[in-house]
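Morning, everyone. Let's go through one model together. Have a look at the screen.

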Amino acid sequence: MQEIWRRILTESQGFTKSEPLIKKIIDYNISGKKDLWGSLGSILSNKLANNYLSQAELKQLIVEVLEGNDNIKEQIITDLNAYYDRDFACETYLEVILFYRGFQAVSAYRIARSFYLDDQKLTAKYFQNRIFEVYAMDIHPGAKLGKGVVVDHGIGLVIGETSEIGDNAFIFHNVTLGGTGHEGGDRHPKIKNNVFIGAGATILGNIIINDNVNIAAGSIVTKDVQTNTTVAGIPAKVIGQAKKLQ
């Protein structure tokens, strides 16, 4: 974690000199912060504050959660590295924490989930609601997301209450992990590791998308998908093998 924070500080210094207009944002969110968690607390609280909870109150709350939960720290660090390594548009760690809505939304979801697991469910749903209002993504705090999750663009993303997503998922905008409307209880998809989900894909019901699967943009998936396959269409059908995501 310290290595990434030092990298962000170095990147910040370069942009402060080369892009004066961005200096104020860097000074507010990066400069003078003791570590990544203080910085992320500043960024998220500034985004999520409203008339009910001030930026200062939210920042204290968020930083306390981040500093006190090693599991969330590991997840966020892995997410951050995944954006840098796998998003072709990403050139710096700094831009991810400052401007990538997918990273910020999932980080805020992780905080919401910590409250959900602590049986503070209305607090968790307050965060869920603010994440939706600010980032246009609806991620239920009951859903389980692994580490190394990249949400590219993310607008229109819906992840239902009993959904599960494994490690190293890459998810585009307008993706739905939803129920069929015909059953309660455990009713949402289970996404395993190293899965790619293209823009506008809809995955419905308590089905399993196994490891190393590619789901093409616009597909509708209502049945289990086996390991190492690419599916496409309405309804989705296997069209080939999938290469392992790097």
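Which residue in β15 is the bridge partner of Thr 229? The partner is Gln 241. Before I go on, some ground rules. This is a predicted model, where local features need pLDDT of at least 70, side-chain atom pairs count only at pLDDT 80 or more, and totals for chains, interfaces and linings use all residues. Residues are numbered from 1 along each chain as its sequence is written, and side-chain values use heavy atoms, with hydrogens and water left out.

Strands pair here if DSSP finds at least two bridges between them.

β6 (residues 170-171) and β9 (residues 196-197) are parallel, with two bridges. Phe 170 sits opposite Phe 196 in β9. β12 (residues 214-215) and β14 (residues 229-232) are also parallel, again over two bridges. There, Asn 214 faces Thr 230 in β14.

β14 and β15 (residues 237-241) run antiparallel, joined by four bridges. Their hairpin has four residues between the strands, and Gly 233 takes a positive phi near 105°.

Last, Ile 8. Leaving aside neighbours within four places in sequence, Ile 8 is in contact (heavy atoms within 4.5 Å) with Ile 30, Leu 36, Leu 80, Tyr 93, Leu 94 and Ile 97. That's my tour.
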